[in-house]
Amino acid sequence: SSFIVFFEASIQCRTAGFLDCHPFPHLLIRNFIQGDSFTENLQRELLDLNFHEKSNDLYKFNQSDDLKKRKEPHITGLRAALFGLFRSWLGEVLGVELEPIVDVSCAKYQYTDVLLCHDDELEGRRVAFILYLVPPWESSDGGTLDLFSTDDHFQPHSVVKSLVPSWNTLILFEVSPISFHQVAEVLSEDKCRLSLSGWFHGPSLERPPRHIEPPLPRSPHLPRDETLLLEWLNPLYLDVDYQSQVQQEFEDSSEIQLKNFLKEEKFKEVSEALRLTDVQWTKQGPPNRRCYEVASLESFPQCVSACWELLCSEAFFLLLSNFTGLRLHYLSPSDEDEEEEKDQEDEEEGEATGSSGDTPSPSTPVCVGELRRWAHGDYTLLHDGDASKAEYALDLLLPLSCPDWQTEFGGFTSYIANEEDEELLMVYPEENSLALVYRDKETLKFVKHINHRSSTLPIGDSCRRAVYDFSFVYYE
């Protein structure tokens, strides 16, 4: 590609340049700025800037404002060099006209900060650059620039190369359909990963159609009666009057947490079975969407299968209807009943007068579920296609094996309004607390990256500290 020609030209100009085309073309130039004095003064000016904490599904770090209008001499000098002669030369070797847009900012990554898998795609971005101004850095400090391989659908697969930041080193790569990368979580508690980064803008590369994932199969309830509820649930939640209180609270806020939901002995039995038995777990991806493990239904221990059946059962669908007022069972009352009764009266009247017409059959409530395992480094991300597929649904979460979980570990489920950063609701893992959340077509959700602080918890019998949850979605 033209970018490889550019890399080769760069290497001819700088013996310190290092070119690699795996997994996508990137160029590393050490000692990019000549003169230690300029680089040290540049670092000092950058550290004196005001930084703002940035945190969402994809990242957590501190960032400066855009540097295009800063007046500090060394920031001004580097900006002029990058977006002046360097940009002109870069455009010549690429054979494209790069626009004189200044797009550069400064980022500070400290302990547990991270930028997860993404491709930098945004209209107009052509070449990405990063200049590191870091203290002596080791791979054990985290904060590496990880490059991903891609599959046949142009989706990221796995990290195949990790670049350790080093002082006064510039990295360049062309923004492309396969330029998936991440900043690994910073694991050092006393080092700051300082960098300047931005993009040169120009005509975007042609991109293939977006890969569309097949939806998870949805199932109607299992024919199980209320005996299952009596066996598993805290009797408080089977009390009709208490169910009415729950429904009132849920209808006021569209969410509720039901503590001590399962009988204590049942909850302990399921938690121990997951921790001690040989359940088959499969890593879920791709990493630009999710990273966690899902249990194979066929490998469930007996008590875990019974709990799964509980959450899929007809009796539980009806119980959820009583908790929420949603139409998750044909016996559940709803605001539409009067309208349906009127329609039925009209239909009967029509039959009496000899008219006829097709009556649509009522839709069947369905659900889709997973038994998930979470540990350090796991997450889910929002995706460009999520908003178009959003629909009305009831989310259920039942966490297990998280008695000492703390909010600063991450791992919470965050609900946000479409195209908004402000969080509407955060649901934290809480032992044996059933969370119910109703979301509309404008509400999206993600699970926040679980950071290194979670590793301070005791490991126990597992190779790593794990949290489990049953995650179900119910549709009216």
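Analyst: Happy to! A residue is called buried under 20% relative accessible area, exposed over 50%, and partly exposed in between (1.4 Å probe, protein chains only). Glu420 has 47% relative accessibility, so Glu420 is partly exposed. This is a predicted model, in which local features need pLDDT of at least 70, side-chain atom pairs count only at pLDDT 80 or more, and totals for chains, interfaces and linings use all residues. Residues are numbered from 1 along each chain as its sequence is written, and side-chain values use heavy atoms, without hydrogens and water.

Glu420 sits in the loop that links β19 (413-417) with β20 (423-427); strands here are DSSP runs of E, at least two residues long, numbered from the N terminus. These two strands make a hairpin with five residues between them. Within that turn, Glu419 adopts a positive phi of about 65°.

Now for the strands themselves. β19 is mostly covered, as four of its five residues are buried. It runs antiparallel to β20, and four bridges join the two (strands pair when DSSP finds at least two bridges between them).

β19 has another antiparallel partner: β22 (residues 443-447), with five bridges between the two strands. Here Ala417 lies opposite Thr443 in β22.
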